[in-house]
Amino acid sequence: MKTIDERPVQVQPARGTRWKKHHAEDVAGRSYTFICAALLIVIILSIVYFVASKGLATFFRDGVSLSDFLFGTTWDPEGNNGEPMYGVLPFIFGSFATSLLAALIASPLSICASLFMTEIVPGWGKKLLQPVIELLAGIPSVVYGFIGLTVVVPFLRNVFPGQGIGIAAGAIVLSVMILPTITSVAADALASLPRGLKESSFALGATRWQTISRVILPTVLPSILTGVVLGMARAFGEALAVQMVIGNAPHIPRSLFESASTLTSVITLDMGNTVMGSAHSNALWSMALALMFMTFVFVMIVRLLERRHRI
Amino acid sequence: MNNATFRTEHLSVFYGQYEAVKNISLSFPEKSVTALIGPSGCGKSTFLRSLNRMNDEISQAKIKGRIWIDGVDINDPGTDVIQLRQKIGMVWQKPNPFYKSIYENIAFGPKYHGIKNKAELDEIVETSLRKAALWDEVKDRLKQSALSLSGGQQQRLCIARALSVKPGILLLDEPASALDPVSTAKVEELITDLKKELSIVIVTHNMQQAARISDYTAYFYLGSLMEHDTTEKIFTNPEQQMTQDYISGRFG
């Protein structure tokens, strides 16, 4: 009896090296996607390299120490009061304060809006809110800043002590801007929940409220947090709208209604007034580097949350 | 059979204009298994879902006729749907444990209904898992995620979860169709055991399964009830040629 190994191997007669059309298509498609991907990687790497080379010059060429830069509270790059000082702590504080506060304001609103759209009134709730949210996402940031300056700032000035400009105004404007981000991520997460999960809870005699608060929300929490982090990343990087309402004083404010600055607002304000290659300009690049680093941190957090979600 | 405590009377279910279930009167005798069979789309799942008002969640669904459980019309506006659903457990085709620990999955329903005592909850978790023949496999890892269980174990966990609120009726929507033969056998054995305490209604596409585990069989076709009798009668000598054709696999 012959075993499989002894059987003569059937070899397809060689058809020569004649290329068929589908072979060519395959190679063309593969090359095209490869070139696009490679281009993307090259662009990103060159941006990182460029920002890093400029940003690190502050420390290596201009001799500013990292701790003076990160923890110094005096920003006087032109040396108007003696030695130039490059302390950016007030701006780091401003960036974190505005984006955290914005996330704090926007998250509950967004979660409720997404629940309304997917759980409470999935019919017209979604039809009405979806376009509204998409519209919110499409409004240019200068319009947000303008509205903030003409509506939010005077309101805060009338209600609270101070000028109205400051962290509070920035956070309010940012919270509206990141609302769509968090809402759409949360709504997607809610919509992708297996239907059986909700129904099993109902079948056990749970009310809608119990089902939402004890089954649905805990299950989608990692995804909602992903949305919140994405929203914070957007708030952290937003420049124009914040710059218009925050006041741009280079100090750590003592109240939410006192003029302050963020990393982004200082970069946009100062970049026109510096000479390329000067210590001042390099310090701005260092701030850009810090911003980019923070973005990476946010992306890492999102990755981590997603991995936890998968388990 | 018409004075059974659990029965439907001229029940119709509409999705918009479409009549998915047509005028069905069916009784489910206590402590027995009734199998609903029929080709896909014949309305048997819709019928099953209407028995614990799951169709409430689908906004276009409309119900006509009555469903009686212990002398109460469950669609009566005065009926408390929350209390009603405690009396009726339901298990779906796809295992759908909550994203929580095994323990929390079972303790969940009783917690809804106000049981907070830890000892009492422990007791419910153990008895429910024992009834679902899962206790020995999971007793050492109750704190682990329910999603770490195999598909068959997850399905038995879902049955245990349904039993945790001590229902009198269990609705099963193709509970074994996503499981391998060994798990299927376990679930079937479980159903036969549970029959001693509960009325069970099971939708199944598996003719052998219906023949093995049910006492009564109802054959649905295009939303209508074609034939309803003891399983023995249906599988050996059905009244209608159509039923005969379906169960022998010549049609459907």
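At which residue does α8(A) bend, and which proline follows within four residues? In this predicted model, α8(A) bends at Leu221(A) by about 55 degrees, and the proline that follows within four residues is Pro222(A). The end-to-end span of the helix was also examined. Helix α8 of chain A comprises residues 208-237, and its end C-alpha atoms are separated by only 38 Å, whereas a straight helix of 30 residues would span 44 Å at 1.5 Å a residue.

In chain B, the strands β2-β1-β4-β5, in that order, form an open sheet of four strands with antiparallel pairing. Strands of a sheet pair through backbone hydrogen bonds, either parallel or antiparallel.

Six bridges join β1 (residues 6-15) of chain B to β2(B) in the antiparallel sense. Within β2(B), Ile24(B) is the bridge partner of Leu11(B), and Glu19(B) is the residue opposite which Phe14(B) stands. The hairpin formed by β1(B) and β2(B) has two residues between the strands, and Gly16(B) in this hairpin adopts a positive phi near 65 degrees.

An unreviewed UniProt entry lists residues 6-247 of chain B as "domain: ABC transporter". In the model, the span covering residues 6-247 of chain B is 37% helix and 26% strand, with its end C-alpha atoms 26 Å apart.

Methods
Residues are numbered from 1 along each chain as its sequence is written. Chains are lettered from A and ligands numbered from 1 in the order in which they are written. This is a predicted model: local features need pLDDT of at least 70, side-chain atom pairs count only at pLDDT 80 or more; totals for chains, interfaces and linings use all residues. Side-chain values use heavy atoms; hydrogens and water are left out. Two strands pair if DSSP finds at least two bridges between them. The expected span of a helix is 1.5 Å times one less than its number of residues. The bend at a residue is the angle between axes fitted to the seven residues ending there and the seven starting there. UniProt positions are given in the numbering used here, feature names are shortened, and annotations may be inferred rather than shown by experiment.
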